[in-house]
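Subject: Structure handover

Hello,

Here is the structure you will be working with. Please open it first, then read my notes below.

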Amino acid sequence: MDNKFWKGKHVVVCGGASFIASHTIAELLKLGVYTTAVDDLSSGKRENLPAHSPLLVGDLRDYGFAKSATRGADIILDFSSVHGGRGFVGTNHDIAISDNLIINANVARASAENGVERIAFSSSGCVYDTRRQMNENVHFQIPETWDNHDTSMYPDGMYGLTKAVHERVLRAYHKDEKMKVAICRFFTVFGARMKENHFILASIAKSFIKTDPFYVWGTGDEVRNFTPVQNTVQGFLLATEKANGEIYNIGLEERITINYALESIWKIMGWRPKDIIYQPDKPVGIRNRVADCTKAREELGWKPTVSFEDGLSETIKWYTSTHDEEMVKYKLEGLLTSR
């Protein structure tokens with residue numbers, strides 16, 4: 001990253017107490033950047049942030065709050081979103097998720113009216129055509145051009161739809177020279193401080209308390225490109241520096257099946273269940289999603305620095321050292337489908 005670019009900037013991070021955003025703030029603090037986190041703490045946690053990091057608590061659905069929260073910022077990093085794991089997005093929470101349309105529109109409008117120089121938006125691989133991602137036996141990587149023509153009309157649920165809509169809103173701001181805009185589509189990010197409502201953390205948690213039989217949603221053959229959060233943060237900040245109105249995929253590009261991820265977790269943790277029960281009737285979403293990140297490599301100079309295995313080891317070490325086994329046993333069932 002370009003230290004000169006960030007020097008003297010005031011960065012406001014919307015949704016700043018959330019998983020990926022908190023890692024982004026930590027990286028910016030290393031660069032000496034003054035950051036302010038904005039969050040309603042409905043999902044994010046104050047303890048995710050460094051003790052000395054400023055936090056504004058409020059609801060970005062309120063335009064007045066959005067206006068005051070973004071005032072004085074040079075750069076807005078927008079992670080604000082109603083979201084959760086597959087157990088949340090796949091179980092009748094569309095009305096709640098639709099609030100993202102209000103939240104993101106408020107942040108963009110307020111930023112432009114406050115004269116913010118640039119805004120970066122955390123989008124998702126969920127914007128891509130789900131019809132083309134349902135066969136795990138086909139080997140392909142998804143380029144950004146997949147959103148051309150009518151394919152974006154078949155995103156991954158309400159969450160993917162709201163992301164796709166707001167991408168187009170932001171690109172209009174960029175085209176009309178209201179703000180410089182950066183957009184990154186994230187792919188299956190994992191790491192320390194994430195919640196058990198996502199597959200990697202859910203599997204680590206269930207292994208931590210030695211759940212047996214071990215239930216797996218789906219068949220285990222579904223393909224993802226699980227991406228350690230450090231790679232995501234680096235790509236997002238590089239895109240922010242460029243802010244050219246373009247969209248960039250940020251993912252690890254490896255075809256990793258659910259079964260491979262599970263075996264990797266069990267190997268690192270030194271434990272394996274005797275009985276594994278697959279549940280293909282549970283919400284699993286698409287069956288085959290892997291990013292093509294050629295554009296990010298060529299235009300941003302980005303490349304992953306943390307491998308899947310190393311990221312997994314770090315995440316397991318964090319989880320097992322910061323969680324109590326009995327408390328996890330008590331709370332896990334509810335955490336799996338929460339925000």
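Alanine 243 lies in the loop between helix 9 (229-242) and strand 11 (247-250). Helices (H or I, at least four residues) and strands (E, at least two) are DSSP runs, numbered from the N terminus. Alanine 243 has a positive phi of about 40°, although it is not a glycine. With a relative accessible area of 4%, alanine 243 is buried. Buried means under 20% relative accessible area, exposed means over 50%, and partly exposed is in between (1.4 Å probe, protein chains only).

A word on the model. It is predicted, so local features need pLDDT of at least 70 and side-chain atom pairs count only at pLDDT 80 or more, while totals for chains, interfaces and linings use all residues. Residues are numbered from 1 along each chain as its sequence is written, and side-chain values use heavy atoms, with hydrogens and water left out.

Glutamate 253 sits in the loop between strand 11 and strand 12 (256-257). The peptide bond from aspartate 212 to proline 213 is cis, with omega near 10°. Proline 213 is in the loop between helix 8 (199-208) and strand 8 (214-217). Why flag these? Most residues other than glycine have a negative phi, and most peptide bonds are trans.

**Salt bridges**

How many salt bridges does a search of the whole structure find? The search finds 16. A salt bridge is a side-chain nitrogen of Lys or Arg within 4 Å of a carboxyl oxygen of Asp or Glu.

Take glutamate 113 and arginine 109. Their side chains meet in a salt bridge, at 3.2 Å from N to O. Both residues lie in helix 6 (residues 99-113). They are 4 residues apart, about one turn of the helix. Glutamate 113 counts as partly exposed, at 43% relative accessibility. Arginine 109 is partly exposed too, with a relative accessible area of 40%. Arginine 109 also lies over the face of tyrosine 63, at 3.9 Å from the ring centre. A charge sits over a ring if NZ of Lys or CZ of Arg is within 6 Å of the ring centre and within 35 degrees of the ring normal. Lysine 9 lies over the face of phenylalanine 5 in this way, at 4.7 Å from the ring centre.

Next, arginine 287 and glutamate 136. The closest N and O atoms of this salt bridge are 2.7 Å apart. The pair links distant parts of the chain, 151 residues apart. Arginine 287 is in the loop between strand 13 (276-279) and helix 11 (294-300). Glutamate 136 is in the loop between strand 5 (118-124) and helix 7 (157-175). Are these two residues buried or exposed? Both arginine 287 and glutamate 136 are buried.

Glutamate 167 and arginine 185 form a salt bridge as well, at 2.5 Å from N to O. This pair links helix 7, which holds glutamate 167, to strand 6 (residues 180-186), which holds arginine 185. Both residues are buried.

There is also a network of salt bridges, linking Asp59, Arg61 and Asp99.

**Cores and rings**

The largest nonpolar core has 69 residues. A nonpolar core is a set of buried Ala, Val, Leu, Ile, Met, Phe, Trp, Tyr and Cys residues joined through side-chain atoms within 4.5 Å. Leu77, Ile200 and Phe308 have the most contacts inside the largest core. A second, separate core of 27 residues includes Ile76, Val107, Ala110 and Leu170.

Phe308 also belongs to a cluster of ring pairs with Phe190, Phe199, Phe226 and Tyr260. Rings of Phe, Tyr and Trp (its six-membered ring) pair if their centres lie within 6.5 Å; planes under 30 degrees apart count as stacked, over 60 as edge-to-face and the rest as tilted.

**Threonine 24**

Threonine 24 is in helix 2 (residues 19-30). Threonine 24 is buried, with a relative accessible area of 0%. Not counting residues up to four places away in sequence, threonine 24 touches Leu77, Phe79, Val233 and Leu237. Touching here is contact, meaning heavy atoms within 4.5 Å.

Best wishes
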